[in-house]
Amino acid sequence: YLPFTITRALLTLVFLFPRTHFSYSFSWGANQGKLEPGSKWCWPTWSTVSALVSKQTVTYNAMPKSCPTRDMVFVDLNLSINFRIGPDIDRVQDFVFKMGAERLDGYLYFQVEESIRTLVHSVTYDRVNDLRSEFSGEMLRTLQSKLSLFGVEVSNVKITDVALPFELQERLEKTTAFRTRLEEEEKNHNFSLQQIKNTHAQ
């Protein structure tokens, strides 16, 4: 009975490792490298799983608030960033030992805030909405260059929303509506003048 108890204390009967993750193990504190997916029988208690890293693409949503434009209008933005860890085991190891999930979250927050504020500050408020794709491309290049060192592969950055202050948005909508009405009246006036000219020409 005693040998069975000791054996049971030193061995875990079975360990399952999913195919959807990269797995790393440690034995007596030393890195044993990648674990192949599947079941491991009689897993010793002195061996531990140090990391399970998903192979799937992850979406990170960021919402920088009150970013000042060149003419000091504060805009809110929503960004969506798609990335994954890898694609090979060496890049995953860079992520596990140089970055980690918790630091990645803080690093992404810092980089997005700094980059988007710099980009927004370089233009006036009336151009922010028109430059979404340009901002997205610049953000993608910036994040790729900075995160690739840590095994993070950024595949897409998209600005999903740009919100101007409510009062300014309301004024702009009224101005746009007023301009549209003026253009319509000018067209009607020109049409009426053309009809008068045609009538006199007959």
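Helices (H or I, at least four residues) and strands (E, at least two) are DSSP runs, numbered from the N terminus. The model on screen is predicted: local features need pLDDT of at least 70 and side-chain atom pairs count only at pLDDT 80 or more, while totals for chains, interfaces and linings use all residues. Residues are numbered from 1 along each chain as its sequence is written, and side-chain values use heavy atoms, with hydrogens and water left out.

**Stop 1: helix α2.** Select residues 89-98, then show the side chains of aspartate 94 and lysine 98. These two residues are four apart in helix α2, so about one helical turn separates them. Their side chains meet in a salt bridge (a side-chain nitrogen of Lys or Arg within 4 Å of a carboxyl oxygen of Asp or Glu), with 3.7 Å from N to O. Aspartate 94 has a relative accessible area of 21% and is partly exposed; lysine 98, at 46%, is also partly exposed. On this scale buried means under 20% relative accessible area, exposed means over 50%, and partly exposed lies in between (1.4 Å probe, protein chains only).

**Stop 2: helix α3.** Go on to residues 101-121 and pick out glutamate 113 and arginine 117, both in helix α3 and four residues apart, about one turn of the helix. Glutamate 113 counts as buried because its relative accessibility is 15%, whereas arginine 117, at 28%, counts as partly exposed.

**Stop 3: strands β8 and β9.** Select arginine 84 and glutamate 153, which form a salt bridge with their closest N and O atoms 2.8 Å apart. This pair links distant parts of the chain: arginine 84 belongs to strand β8 (residues 74-85) and glutamate 153 to strand β9 (residues 152-163), 69 residues apart. Arginine 84 is partly exposed at 28% relative accessibility, and glutamate 153 is partly exposed at 31%. A search of the whole structure finds four salt bridges.

Stop 4: Finish with Glu183, Glu184, Glu185 and Glu186, which gather in a surface patch of negative charge. Such patches are made of residues with over 30% relative accessible area and no salt bridge; like charges are joined within 9 Å, and nonpolar side chains (Val, Leu, Ile, Met, Phe, Trp, Tyr) within 5 Å. For Glu, the place of the charge is taken as CD. Glutamate 184 sits in helix α6 (residues 166-201) and, at 47% relative accessibility, counts as partly exposed.

Technical notes
Areas by Shrake-Rupley, 256 points an atom, 1.4 Å probe, with all protein chains shown as cover. Lys, Arg positive; Asp, Glu negative; His and termini not counted.
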